[in-house]
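Please examine the structure shown here.

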Amino acid sequence: MLQLEGITKHYGKKTILHDISFSLQAGEIVGLVGENGAGKSTLLKIIATLDKPSAGKLQFGEIDMLKNRKSARQYIGFVPQDIALWEELSVKDNMRFFEKLSWKHLNEKQLQQICLDMKLEKWLEPVKTLSGGMKRKLNMAISLIHDPTILLLDEPTVGIDLKSRIEIGSFLTKLAKEKGKMIIYTSHDMDEIKQLCDRIICIGSDSFYSKVLSRANKNIVVMH
Amino acid sequence: MKSILQTRWLHWKKQAAGLLFWLLLPIVGSILIHTLFQGFQQQTKVPVGMVMEEKSPMAMKLLHDIKHSPTLQVQVMDEAEALHLLEIHKLDSVFVLHSGYEEEIRNGNRDELLTGYRSNLSIAYTPVKEMIVSLVQEETSRSKAAYTIKGIADAAGKKQQWTWDEIVDTSNRIEKEENLLLTTFSFLPAADSLKPQEKTTLDIWAIWVLLHTLVSFFLMDWIIKEKQSGVFVRFSFMRYSYRQYLLGNALLYFFLLYIFDLIVAVVFHVVLQTSFSLYTPVILFALQLMLTSAGFLLALLFKHSFTFYSVSFAVVLMMTLASGSSILPGAFGSSSAWFLRLNPLQNFLHGGINYSFPAFCLLLITGWYFSKRKSIY
C-alpha cells in the first residue's frame, strides 16, 4: 500500500499543497485533477521522490520513501509529461538503451512484448518518424521496463489522437487489474479520468472539477 | 561500466560518420596543413643548378651542405643542361664545381674552385654565391688548421703523428657535437630532436594538438544535447545516477580519443618520421586526460550547443596564440614568456607533461560529483 500523510509543499511563502493525505491499494487507479498550477505535477513529483515535501509522510509498504529514495525508486515507474526519448534512435534501441541502465534485465523479446502490449508495433522505426501517439506509448513503455509496482503518469495522453488514448487507457486498466499495479494519473480530460480511474482526487480550491465530476459514479475526494 | 558502454555504443552507431570525421580531423588536418606549408616553402625556394665535375667526399659534403640550405632548391645536372635551364630562367643561377676540388682544398688553394653563372633575371645569385664561398672557406680554413696543428705537433716533437684526414675528421666531429648555438624544438627526448633542416618547418605535433583540443571539446557536446533531450529525468529511476552516467561516458570518450592519439603517434612516426618512444603513450595519456576533463567541465557549464562551440573555439584560439612560438619557433619574444606559461599545452609542446592543469580539472570534477544537488534528479 502507498500512503501519503499530511503532504504539504511551500515554495517560499506560497503554499502549493496543503495537508494531502490518501492511500492507494494494489490494482487501483487514482486520477489527480485540478486547474493549471493547482499542484498536480508537484504532488506527482513528490510521490516519485523527485521533489521533497515541506512536511508530511510518504510510505510504501515498509519503505519510508522520503528517507530511502534510492530503494523506493526501484518500485516507481514515472512517465514524464514531456517526451523523454532519444529521437534519433529506433524504438528498439530506445528500449535497449534504458534496459541496459535499468534495475531489471530483459531480453529483446520481452522488451518488444511491452511495446506490443501497448499496440506499439513499429519496433525498428526511428522515434523521430513516429506519430505523437506512438511517442507517448514509448514514453510509457520505457517506464515499465523495470516492472514497477507504482506507476505515475503526468498527463500521458496530452496532444494525441483518440485511438491512441483508448489504447493507452485499456492498457493501463489491464495493468492495474491483471498485474496489481498502483497507478496515479493526471489529466485535464474529464471523460478519460471518469472512464479510467477508480477514485478521483481534486487538488486545489476550485470546486469546478468536483462539480464536473460529481455526476460520475466515482469516489471523489477534494483536497486543497 | 559495461552497461554504459553498451548504451553509448547505440549512439555511436547512429553517429558513426560524424564521429569518425571528428576523430580523423586532427590527423588528416595536421598532415594536410603540414604538407601544404612544406609545399609552399618548396615553391618559395630559389632553384639553383649544381654541376659536379668531381665526386670526391669533400665535393659531396659541399653539395650536401648546399642542398640543406632551407632557402635553396638544388638540382644536380650536367653543365649544358644547367646552362640551358638558366637561359630559359628555370634556374636562378648555376655553379660548377671543377675537378680537382678536394686536392686544391688540401693544398690550401681556394681560387677558381667553382664557376658561377647567372642570367639577367637572377635575383639570388649573390647571396647564394656568398653562401657557397663561406662553405668553401670553412673547408679551406679547416684544411689550413689541420696543417698548422700538424706543424705544431711536429715542432713539439710529439711521437704520435696525426694525418691530415684524422685532424679534419676530428674537427668535423667536434663541430657537430658542440653545436652550442643550435636550439631545436623537441617533442620527445633529446635524442629525438629534430634535424637542423626541419627547424624552420611547421611543427606537426603543435598543429595536431590544437586541432585535437578543438575536437576533444566539440565531442563533449553530447552532454548538452542530452541535457536538452530531457531524458535525464529517467535516470532517477535507474541503476546509475545521471552524474555517474555522465562520468562513465566521459571516461569512454577519453579512451576512444586516447586510442586515436596512439594511432596518430604511430602514423606520424611512420609517415613523417617523428619520434616514438615508450614515453610517448604516457605524454599522450596525460594530454588526453587534461583535454577530456576540461571539455567535460566546459560542456557542463552550457545549455546551448552554439554557445559551447563558440567558447570552445575561443579557448582554442587563445591556445593557438599562446602556442605560436612552438608552431613557428621565434614567433614570440621572451617578453611574452608569462603568457606562454599560462598555456596548458606548453608542456606537451616541449615534450613534457602538465601535471597541474589535469589535477585541477579532476579536482573540479570531483567537487561537481559530490556537490549538493540543486535538484534531486
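Predicted model: local features only at pLDDT ≥ 70, side-chain atom pairs only at ≥ 80, totals over all residues.

Residues are numbered from 1 along each chain as its sequence is written, chains are lettered from A and ligands numbered from 1 in the order in which they are written, and side-chain values use heavy atoms, with hydrogens and water left out.

Me: How many disulfides are counted over all chains?
Reply: A disulfide is a pair of cysteine sulfur atoms within 2.5 Å. For A:C202, the closest cysteine sulfur belongs to A:C197 and is 11 Å away, too far for a bond. Over all chains, the disulfide count is zero.

Me: Is A:C202 buried or exposed?
Reply: Buried means under 20% relative accessible area, exposed over 50%, and partly exposed in between (1.4 Å probe, protein chains only). The relative accessibility of A:C202 is 2%, so this residue counts as buried.
In chain B, B:C361 has a relative accessible area of 3% and is buried. For A:C202, the answer is buried.

Me: Where in chain B does B:S241 lie?
Reply: Helices (H or I, at least four residues) and strands (E, at least two) are DSSP runs, numbered from the N terminus. B:S241 has a relative accessibility of 17% and counts as buried. Its position in chain B is the loop between α9 (221-229) and α10 (242-272).

Me: Which parts of chain A does the pair of A:K9 and A:D51 tie together?
Reply: A salt bridge is a side-chain nitrogen of Lys or Arg within 4 Å of a carboxyl oxygen of Asp or Glu. The side chains of A:K9 and A:D51 form one at 3.2 Å, N to O, and both residues are buried. They are 42 residues apart in sequence, so the pair ties together strand β1 (residues 2-11) and the loop between α1 (40-47) and β4 (55-60).

Me: Which residue forms a salt bridge with A:E108?
Reply: A:E108 counts as partly exposed, at 39% relative accessibility. The closest N and O atoms of the bridge are 3.7 Å apart, and the partner is A:K92.

Me: Which helix holds both A:D93 and A:R96?
Reply: Their side chains meet in a salt bridge of 3.4 Å, N to O. A:D93 counts as buried at 8% relative accessibility, whereas A:R96 counts as partly exposed at 25%. The two residues are three apart, about one turn, in chain A helix α3.
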